[in-house]
Amino acid sequence: MKLIDCHCHLQDPRIYHQAPQLIRTALDCGVLCFVVNGTAEKDWALVKQMGEQYRSCIVPCFGLHPWYVAERTPNWFDSLRGYFDSTPYAAVGEIGLDKGSHGKKISFTDQIQVFRQQLELAKQLERPVSIHCVRAFGDLLEIMQSVGPFPQGAILHSYMGSAEMVPSLAKLGAYFSFSGFLFSMKQLKAKKMLKMVPAERILLETDSPDGLPESNMGSSQQDPGDVSSSMKENHRQPGEAPTPIVGDSLNQNRASDDVPTSPTETSNHPANISKVLEYVAHLLDMSEEEVAEISYNNAVRLFSYPGSEIS
């Protein structure tokens, strides 16, 4: 089976020094491509570097995540546009809206302004855009309706919204990407939602290093609308990493006494997309082979724009 991890963060300080090993492991497991999403000005350069060094299997994405809106510089948007000018094969993301436990600390007016600017940029660039949304789906739909539709695709990453919102979002060009966070929803609710998603709009992702699939999450009573925020409370700020990897070091095995050679028990990694596949197939009453083929073909169609090497 062939798979594409449609949303991950291999540049994240928790796992980026393990990137060569994690990529090799995932490739051996049939994961042929990794869509690596930037989140703030501080990590765009590293995402660009990884995209250049792994051109055949990494799709770099640049975007300002709602959690980091307050930290943006006065020239953030010009800088963002510059990354797309110098990386014409990049997509847009991660952007979005957040009214969860973390997002409510950030001005929602500012979040909307930054989100709208980036949505409009994605349309101008004719690129797919990866969207984070927590407790703000009404606002999201309203903004997408005013800016859209999105023929190049708007990926609702780690989707945990309601089944009822799926048709309206799909009509605008939305794709629905599922990660290990799906395990935190009550199974009946998750099943109902998944069955509302058109087959041609289903994607799979890991959201590595977050979103670790855990079977015991299915019984969690946590509010699904806030799970992605609460599970990421310990997420380190972009740029809070050891000296960035440069040159050919991403292509070398960095194993040493003081650098872990495998992810921690709480860190997710792209090879775990197989667990997401298994669970989604179970909820849809389909075989893993069927869901893998559907999600892979959808991802190839979505990311096969001019300049991309995905095929």
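Strand E5 (residues 129–134) is largely enclosed by the rest of the structure, because six of its six residues are buried (buried means under 20% relative accessible area, exposed over 50% and partly exposed in between, with a 1.4 Å probe and protein chains only). Keep in mind that this is a predicted model, where local features need pLDDT of at least 70, side-chain atom pairs count only at pLDDT 80 or more, and totals for chains, interfaces and linings use all residues. Residues are numbered from 1 along each chain as its sequence is written, and side-chain values use heavy atoms, with hydrogens and water left out. Helices (H or I, at least four residues) and strands (E, at least two) are DSSP runs, numbered from the N terminus.

- E5 pairs with strand E4 (residues 91–98) in the parallel sense, over five bridges; two strands pair if DSSP finds at least two bridges between them.
- Histidine 132 in E5 is the bridge partner of glycine 96.
- E5 also pairs in the parallel sense with strand E6 (residues 154–156), this time over three bridges.
- Here isoleucine 131 stands opposite leucine 156 in E6.

**How the chain gets across**

- E4, helix H4 (residues 108–125) and E5 make up a right-handed β-α-β unit (right-handed: with the strands pointing away from the viewer, the path from the first strand over the helix to the second runs clockwise).
- From E5 the chain crosses through helix H5 (residues 137–147) to E6, and this β-α-β crossover is right-handed.

**Aromatic rings**

- There are seven aromatic pairs, counting Phe, Tyr and Trp (its six-membered ring) rings with centres within 6.5 Å; planes under 30 degrees apart are stacked, over 60 edge-to-face and the rest tilted.
- Phenylalanine 62 and tyrosine 83 have ring centres 5.1 Å apart and planes at 40°, so this pair is tilted.
- Phenylalanine 62 sits in strand E3 (residues 58–62) and tyrosine 83 in helix H3 (residues 76–86), so the pair ties together parts 21 residues apart in sequence.
- Phenylalanine 62 also makes an edge-to-face pair with phenylalanine 84, at 5.7 Å centre to centre and 80° between the planes.
- Phenylalanine 62 is buried at a relative accessible area of 0%, and phenylalanine 84 counts as buried at 6%.
- Ring pairs join Trp44, Phe62, Tyr83 and Phe84 into a cluster.
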